[in-house]
Amino acid sequence: MSTSPAPLLTVRDLRVVIGDSHILHGVDLDVAARGTTALLGRNGSGKTTTVRGILGLVPRTGSVLLGGEETVRLATHSLVRRGIGYAPEDRGVFATLTVAENLRLAERPGAGQPAYDLVHELFPELGQRAGQAAGTLSGGQQQMVAIARTLLNGNRLIIADEPTKGLAPKVVTEVAQVLERAAEAVPVLLVEQNLAVVRRLARHCVVLADGRTAHRGPAAELLADADAARRLLGVGRAGHDGAGPAPAGASAGPAAHPATRTEEAEV
Ligand SMILES: Nc1ncnc2c1ncn2[C@@H]1O[C@H](COP(=O)(O)OP(=O)(O)OP(=O)(O)O)[C@@H](O)[C@H]1O
């Protein structure tokens, strides 16, 4: 009987309060030691705040074990040194700098030789575009730069926050390919609302609702269960695989929590 390796990241009872706002009320999640784990949930359910809590960018309580080490009281720079790479929602690419300069800025002193070989092996296009200003790249290519930066420093975990948001369907496919290649090298925690991307990339998923963990399990199982997808994500319809939009009037959630952004197309 084969046993799965221990999770790389184990989050328990993560709580975040900012000012008067109680945003996370107890998030539990595991990030598998291999491949992609998807963090899902309707708009405003707390996905980005969970990521920011893991990274120490907001005050938090609970437990965040990275490779068995408790990190919840560590500052962000200590977490970065321990090997968490972050590709934020807005990509954080410097538009007026070249691709090569964007990558050079991401090199971390003390992290050993930057892994340019890996980056160029996974993304040969970045080598060809080394001298191009990052602001003139397509959205998909900029996302490639953002992911490449997280791979440079021998990180143990990559966190990517909505990397396909706002991109055209063809570019979504390109970004899914980028993430697929990255996850072969380093485990990925992927915040994603495009369920076609989730279906393609993620083995495990965690679903948040109102700042709490509402579901954890195999991603394929959730996406195949139209009732669960409708209840948890506000998508799916009878006889459908859960990745399409809900029919008119079939929204499962309150109006304040719009349904998850979805794509019908394969990616
Ligand atoms: N700094 C803050 N101060 C007060 N409330 C906040 C703050 N950041 C987030 N929130 C609130 O916390 C809730 C969760 O936000 P969060 O961005 O984590 O959700 P999300 O699941 O990532 O949403 P989306 O899918 O729309 O990006 C929202 O109601 C949001 O308005």
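Start by selecting helix α6 (residues 139-151) and helix α7 (residues 169-185): their axes lie 9 Å apart, and the two helices pack at an angle of about 15°. Angles under 35 degrees count as roughly parallel, so α6 is roughly parallel to α7. The crossing of this pair is right-handed. Keep in mind throughout the tour that the model is predicted.

Now show the side chains where the two helices touch. From α6, select Gly 139, Gly 140, Gln 143, Met 144, Ile 147 and Leu 151; they meet Val 171, Glu 174, Val 175, Val 178, Leu 179, Ala 182 and Ala 185 of α7. Coloured by class, the residues of this contact come out as nine nonpolar, three polar and one charged. An α-helix has 3.6 residues a turn, so residues three or four places apart point the same way.

The axes of α3 and α6 come within 9 Å and cross at roughly 30°. That angle makes α3 roughly parallel to α6, and the crossing of α3 and α6 is right-handed. Which residues of α3 meet α6? Select Val 99, Asn 102, Leu 103 and Ala 106 in α3, then Val 145, Ala 148 and Arg 149 in α6. The contact of α3 with α6 divides into five nonpolar residues, one polar and one charged.

**The whole chain**

Zoom out and colour by secondary structure. The chain comes to ten helices and ten strands. Of its 267 residues, 44% count as buried. Among contacts between residues at least 6 apart in sequence, 65% join residues at least 24 apart.

**Around the ligand**

Next, select the residues around the ligand: Ile 18, Ser 21, Ile 23, Gly 41, Asn 43, Gly 44, Ser 45, Gly 46, Lys 47, Thr 48 and Thr 49. Which element gives the largest share of the shell? That is α1, with three residues. By class, the shell has two nonpolar, eight polar and one charged residues.

**A buried residue in a strand**

Go to Val 64, which is found in strand β4 (residues 60-66). Is Val 64 buried or exposed? A residue is buried if 20 or more other C-beta atoms lie within 10 Å of its own; Val 64 has 22, so Val 64 is buried. Leaving out residues up to four places away in sequence, Val 64 touches Val 11, Leu 14, Ile 54, Thr 71 and Val 72. Draw a distance from Val 64 to Thr 10 as well: they are 54 residues apart in sequence, and their C-alpha atoms are 5.8 Å apart in space.

**Helix α10**

Select helix α10 (residues 226-233) and pick out Ala 229, Arg 230, Leu 232 and Leu 233, which are buried. Then move to Gly 234, which follows α10 and has a positive phi, near 75°.

Most residues other than glycine have a negative phi, and most peptide bonds are trans. Select Asp 13, which is found in strand β1 (residues 9-18). Its phi is near 50°, a positive value in a residue other than glycine. Asp 13 is partly exposed, with 15 other C-beta atoms within 10 Å.

Where is Asp 210? Look in the loop between β9 and β10. Phi of Asp 210 is near 50°, again a positive value in a residue other than glycine. Asp 210 has 15 C-beta neighbours inside 10 Å and therefore counts as partly exposed.

**Last stop: Gly 166**

Finish at Gly 166, in the loop between β7 (157-161) and α7. How many other C-beta atoms lie within 10 Å of Gly 166? There are 11, so Gly 166 is exposed. Draw one more distance, to Leu 29: Gly 166 and Leu 29 are 137 residues apart in sequence and 26 Å apart in space, C-alpha to C-alpha.

Methods. Residues numbered from 1 in each chain as written. Predicted model: local features only at pLDDT ≥ 70, side-chain atom pairs only at ≥ 80, totals over all residues. Axes fitted to C-alpha atoms, helices over the stretch in contact; angles between N-to-C directions. Helix = DSSP H or I, 4+ residues; strand = E, 2+ residues; numbered from the N terminus. Parallel < 35°, antiparallel > 145°, perpendicular 65-115°, else oblique. Left-handed = near helix turned anticlockwise from the far one by under 90°. Contact = placed C-beta atoms within 7 Å. Nonpolar A, V, L, I, M, F, W, Y, C, P; charged D, E, K, R; others polar. Near = placed C-beta within 6 Å. Buried ≥ 20, exposed ≤ 12 C-beta atoms within 10 Å, placed from the backbone.
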